[in-house]
Amino acid sequence: MTTTAAPRRSAPRSAGPPLRWIRRFTEGSADQRFLLGGKGANLAEMTRMGLPVPPGFTITTEACLAYLKTGGFPDGLLDELRVVVAELEEEMELAFGAVGAPLLFSVRSGAAFSMPGMMDTVLNLGLSRDSLKGLAARTGDPWFAADAYRRLLELYAHIVLDVDEDVLHRAMRGVLDLYGAKDASALDLIGLQDLVGVLEVTIADQTGASFPADPWIQLEQAIAAVFRSWNGRRARDYRRVEGISDDLGTAVNVQVMVFGNAGIDSGTGVAFTRDPATGERQAVGDFLLNAQGEDVVAGVRNTEPLHQLATHFPDCAAQLHEVMERLEQHYLDMCDVEFTIQHGRLFMLQTRVGKRTALASLRMAVEMADEGLIDRATAVRRFRPDELERLLHPRFDPAADVQVLTKGLPASPGAASGRVVFDADRAEALANAGEDVLLVRTNTSPADFHGMVGAKGILTSRGGLVSHAAVVARGMGKPAVCGAEDLVIDWHGRYATINGVHIEPGDLLSIDGTTGEVVLGRVPVLPPAAPPELDRLLGWADELRRMAVFANADTAADAATARAAGAAGVGLCRTEHQFLGDRLHLVQAVILADDEAARRPALAALEEVQERDFVELLAAMDGLPVTVRLLDPPLHEFLPNVEELLVADARGELRGTERRLLEAALDWREVDPMLGIRGVRLGLLLPGLYATQVRALLRAAAARRRAGGDPRVRIMIPLVIGTGELSAAIALVREAAAAVTAEMGEEIPFEVGAMLETPRAALLAGELAPLVDFFSFGTNDLTQMTLGLSRDDVEARLMPYYLEHGLLAADPFRTLDASGVGELVRLAAEQTKQAAPSVELGVCGEHGGDPDSIAHFHRYGLDEVSCSPGRVLVARLAAAHAAFTEADADRDR
Ligand code: PEP
Ligand code: MG
């Protein structure tokens, strides 16, 4: 028995006269995605390649825009529709709406970018109660014909006529229950005819009009519905989030139906040319026998894996693999396809460059370059920094069933589970005893450092992305969620609540520092996967980038990690970390000393321990530059909390040194410490401090030289605001250096530089530049001071509001505020290059590890970025991508 019609030719027929609003599949190409939508452009491309694509045409996005402007079809569109449908009638030897041999279409939306919320597919368009008889007669299968009509009614009612889905399903459920059927496929012909009747009645009830038997009305209504879906709520929301323009419009693809449900010699499926999960070079997919596309998606029946296709359809399977091979060679990338087999004949319904996991993206990029399919630059381009970021951190097992308690700021990526501890000492003790702990605090300070070292992760209720907790956690590569405001910790640290859930010390909690989620209980965490291809791809990226990538590393261990990740040196060593832990009492002794003489022994002791630290640091980075920043934070960070001391004092609990510490803390107390006595200001007020640091560093360098090492020392002065101040600080440095030279009998070479992290310094960069060998932009402070937003206080509370209401485009502490802070950096870089071209320009704020910001720094002509050791790999890739972006912009100009 003859069955459903199939296109007579697989080769494209020659095109008819050119049309204004419509392109036949034989006319378009893959590069016309803005006119034809992604789906239409690829259907045309496959047709051009001579692949077996059921014939059809695409109504352009321009027609959509014209429709949306006026609310009606543009002049000429309906006439053109009649021309192309007539051509297809002739080609297929069928007639649209004919009772005996009806031509049927599928109608699909297709915008330039695939977009959830756009209209779904309508199948079997053109069928009516009358023509359904013709279809039954032609196929000899009345059940198949009735089922085709049922599908049309169901899809049309829901998609085109907007009948409420619940109403529709309730009506259908009534019939299915009556016949004891799970779904329509289980009904017999009588049941199916009942179901069709119920659908028709429901449509009439819900819309006040019967289902249009006229195929032209069906087609026009379906096209109009696709056009309107462009402005549907979900589509609009999606575009806003993804930054897709509202002005693109969608195309409509009208294609001759082929039936995967025409019998057991038919089927349908989806496939990928390579494994989208692992990247393995092996086609994978699913198919269903005797089914249509939506049956695969609906998951009603279990699909079979692609490799079994050959057991049912050996010829089609071989042909499909050949088609997929050709598509890869043509698109030079992994493609996904939708295919249908109708009576043993293969048809391609869709293709596009396929979505993939980060792991697969990397593997495919490297292997395709090795195969010679793409060049290495393209491979680097294909693997995005955000994909690498995802690969490098542990994450929650997506299969785990989790109870999210709240969301804070994603302060340091990665996931961790552990027992809740509210106190740093306890965290350290439990960690030493082998427990997994989460340090949970309102915020952290340098005094909590040892607890952070032991903890698996850090959770705070206050503080933003550059709060102490966030910066230190990122430095250590530890997951952290900060500013989780729903977390309320009891004043005495005995318990906490999160949205009504009571948390005791020892309870299990999990955090995901990539998403900011805080989850009750222990969540299985998947380890990061750094596949072998990564080294090779990053090696290629290194050859394509201009900027060097340095690391912010305070210790030899951090430096070693950074070096292993490919850092070209240390761009920032924050020396305050050398003053914490068991050294804190030495710093406090310096602060408590009444005069220089009393201060000297404490400084000497500090110098000795620092020298040891520097020897280790310089050894870890031997042969590469190490940028040591002289002390930066305000002194109160090294003193106990004033409030706690006052309470203890009121209770009469303070003894000698503690009382003196209270006096010192009160003496150094500042209303606004971030704008107070810190950085170079502190260095000038307490000159012994900087001299100690310089001496310790240069002695360490001398020791390294004696040991046969190659120390490259850079001394950096923080927070400068002017030339007089910078000159005084440099004089101090040189004086201390001269003392070391005299003592050692040899001169230790070093470079001296300044941080540009106040707006004034950035504006005066041209005047400051002749004084230094290098500049490093401290974009954390520069952001804080340029926007007047406290880096510690505003992020958790203010930033969500500002971002949600569009008052700022992005969190400026995470991604450089290009129009404000970025302008200062650009200007300073420009002036520096004019005034002193040999001065090296870098950045060491958190933005140095952020891919979007790195693109800006590249544009400003900076020589290097410096970031946490954990972000070095990403920065190397991002610096290469920044070079591409610039090259693309040059080409487009
Ligand atoms: C900065 O301000 O950008 C910087 C790197 O220094 P810190 O974060 O230590 O103030
Ligand atoms: Mg700073």
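Analyst: Cys844 is buried, with a relative accessible area of 2%; buried means under 20%, exposed over 50% and partly exposed in between, using a 1.4 Å probe and protein chains only. Please keep in mind that this is a predicted model, in which local features need pLDDT of at least 70 and side-chain atom pairs pLDDT 80 or more, while totals for chains, interfaces and linings use all residues. Residues are numbered from 1 along each chain as its sequence is written, chains are lettered from A and ligands numbered from 1 in the order written, and side-chain values use heavy atoms, without hydrogens or water.

How many disulfides are there? The structure holds zero, a disulfide being a pair of cysteine sulfur atoms within 2.5 Å. For Cys316, the nearest cysteine sulfur belongs to Cys335 and is 20 Å away. Cys316 also counts as buried, at 3% relative accessibility. For Cys844, the nearest cysteine sulfur is that of Cys867, 11 Å away.

Let's turn to the magnesium ion, ligand 2. Its protein donors are Glu757 (OE) and Asp781 (OD), at 2.0 to 2.1 Å. Donors are N, O and S atoms within 2.8 Å of the metal (3.2 Å for Na, K and Ca), and water is not among the atoms, so sites may look incomplete. Glu757 sits in the loop between strand E30 (750–756) and helix H28 (759–763), whereas Asp781 belongs to helix H30 (residues 779–787), 24 residues apart. Here helices (H or I, at least four residues) and strands (E, at least two) are DSSP runs, numbered from the N terminus. Both Glu757 and Asp781 are buried.

Elsewhere, an open sheet of eight strands has the order E14-E24-E23-E16-E17-E18-E19-E15, with mixed pairing; two strands pair if DSSP finds at least two bridges between them. Strands E14 (404–407) and E15 (409–412) stand at the edges with a single partner strand each, so one side of each has no neighbour in the sheet. Within this sheet, E17 (residues 437–441) and E18 (residues 457–460) run parallel, joined by four bridges, and Val440 has Leu459 in E18 as its bridge partner.

Strand E8 (residues 267–272) runs antiparallel to E9 (residues 284–289), with six bridges between them; Ala271 is bridged to Gly285 there. Six bridges also join E8 to E11 (residues 335–342), again antiparallel, and Gly269 has Phe339 as its bridge partner in E11.
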